[in-house]
Amino acid sequence: MQKNDLIELIIEDIADDGAGIGKYNGMIYFVKDTVVGDFVLAKIIKQKKTYGYARLMEIKEASPIRVEPRCLYARSCGGCQIQEMEYQKQLEFKQNKIKNVLVRIGGFEETFLECVLEPIVGMEEPFAYRNKAQFPVGRNAAGEIVAGFYAGRTHNIIANTDCALGVPENKIILETVLSYMKEFGVSAYDEKIKSGLVRHVLIRYGFDSKEIMVCVVINGNRLPAETVLIERLREMEGMKSIAVNVNRKNTNVILGDCTRTIWGEDSIVDALHLRNTEDFCRLEEKTVYRISPRSFYQVNPLQTEKLYSLALDYAGLTGKEIVWDLYCGIGTISLFLARRAKWVYGVEVVPEAIADAKENAKLNGIGNVTFLTGKAEEVLQKDEAGEMMLMADVIVVDPPRKGCDKKCLETMLRVQPERIVYVSCDPATLARDLRVLCDGGYEVKKVRGVDQFGHTVHVETCVLLGRK
Ligand code: SAH
């Protein structure tokens, strides 16, 4: 077989990145945009010795789990990978992904995992769940100013102001910005020639507060006829903050260093409710957070409530415990924990996030928490030198995709907390780190996935470890 050959195959499995897997002539092929059970015609785009990649050309017979994607651009957009799969099957895929990775990378027994792995927590409504969207602005092939998304791995912008994962407010805001740009001849940034003004529009929406923030990222110092744009945007119900962010660098990083509020507040607030972990029903108790354009805040607030409530449940707090919350961001989990603990220490490397975390503690009238700026591994190391009491009953970690630093894991093992709660956005690094913790005297008690990112292949996992 070689490149450009056409093959017909049945999709039998799914890869971790969401691509369908089928066999032809004993050879394995990865075919994006297919689901298990599809019978398809595909064209080979890359042929290796024992496997290959093929492009979907035609669905000869659709799988019973195939659904019509809600978004017209589900295939060309890099945002969603599995929108054409029934949502229940997406959850099954993620449940299996967690299990398989823990076996393959973590070296855990499958029979053991069946005892500790709880059913994944899905969404009630897997669309319009994101509270944050960042739309690139540019020109399409016809030269018109558009906002949308980058096609595949390129930086060509396809117009789409109505992402199915985002809130309906996004479309209204983007259309307001685009029509203002056209009316006042405001240019869009062109990456190739590094000129033009408007680069991105960042929108945040508080699901609980209904507050909206718009931040226009520009390659310049100010927007022409700024007051007109302000007039039009502030009309929208819920509009609380309009800002410009200056980014004059030729880089993929969306936000530049300087943000200036041009109308309203510098930030918006939102709240996360506690949930009952039996049925994940919403409870009255809530924690309020102040969010600025740069803050890290989970993108799916309804599922985040479930995730944090689960983490709190796993932490098993009675009010007497000293708790460490490592990689604490703006203190989201820390403040959830603080109401049930004696004292919480939050550690985070971004100083602005720590400033937000301290504000958030005040906003909620929570006093039994200390926020420290620094790397989780180093702040903990410092304690070792005797600068601070090195003691924790429970340690909660919520690291970025690359997982915990080795030094951080070693320190956790030295501190010997009763329980460790590991919140992870990447099962592979989670599995690697769990192996280290288990070899160091802990055992996995419970594992549970929470689907924070419907229609994508990503999954969040919460794990409870106990000291053996
Ligand atoms: N728990 C928070 C944030 C989780 S995201 C929440 O749920 O909102 C992970 C956070 O870890 C980010 O805020 C990132 O800035 C921070 N981080 C990354 N590397 C770190 C390190 N070595 N030490 C401490 N924090 C780190």
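Modeller: A polar contact is a pair of N or O atoms within 3.5 Å; within protein, one of the two must be able to donate a hydrogen and the other to accept it, and residues adjacent in sequence count only if both atoms are side-chain atoms. The model is predicted, so that local features need pLDDT of at least 70 and side-chain atom pairs count only at pLDDT 80 or more, while totals for chains, interfaces and linings use all residues. Residues are numbered from 1 along each chain as its sequence is written, and side-chain values use heavy atoms, with hydrogens and water left out.

With that in place, glutamate 377 has a polar side-chain atom 3.3 Å from a nitrogen atom of the ligand. Two further side chains face ligand oxygen: a polar atom of tyrosine 308 lies 2.3 Å from an oxygen atom of the ligand, and an N or O atom of glutamine 298 is 3.5 Å from a ligand oxygen. The shell holds 17 residues, the closest being Tyr308, Thr332, Glu348, Ala376 and Asp398, where a residue is near a molecule or strand if one of its heavy atoms lies within 4 Å. At least two residues of this shell come from each of α6 (332-338) and α8 (376-387); helices (H or I, at least four residues) and strands (E, at least two) are DSSP runs, numbered from the N terminus.

Turning to the sheet, 7 strands form an open arrangement with mixed pairing in the order β9-β8-β7-β10-β11-β12-β13, two strands being paired if DSSP finds at least two bridges between them. From one strand to the next the twist averages 35 degrees. Within the sheet, β7 (residues 132-139) and β8 (residues 145-150) run antiparallel and are joined by 3 bridges, with glycine 138 opposite valine 146 in β8. Helix α3 (residues 169-183) lies across β7, β8, β10 (198-205), β11 (212-218) and β12, at about 150 degrees to β10; such axes are lines fitted to C-alpha atoms, for helices over the stretch in contact, and angles run from 0 to 180 degrees between N-to-C directions.

Two residues give detail at the β13 end. Asparagine 247, in the loop between β12 (239-246) and β13 (258-264), is buried at 3% relative accessibility (buried means under 20% relative accessible area, exposed over 50%, partly exposed in between, with a 1.4 Å probe and protein chains only). A polar atom of the asparagine 247 side chain lies 3.1 Å from the backbone nitrogen of lysine 249, and, beyond neighbours within four places in sequence, the contacts of asparagine 247 (heavy atoms within 4.5 Å) include Arg199, Val217 and Val253. Threonine 261, in strand β13, is partly exposed at 27%. Its side chain makes a polar contact of 2.5 Å with that of aspartate 266, and threonine 261 also touches Ile242 and Ala243, residues up to four places away in sequence not being counted.
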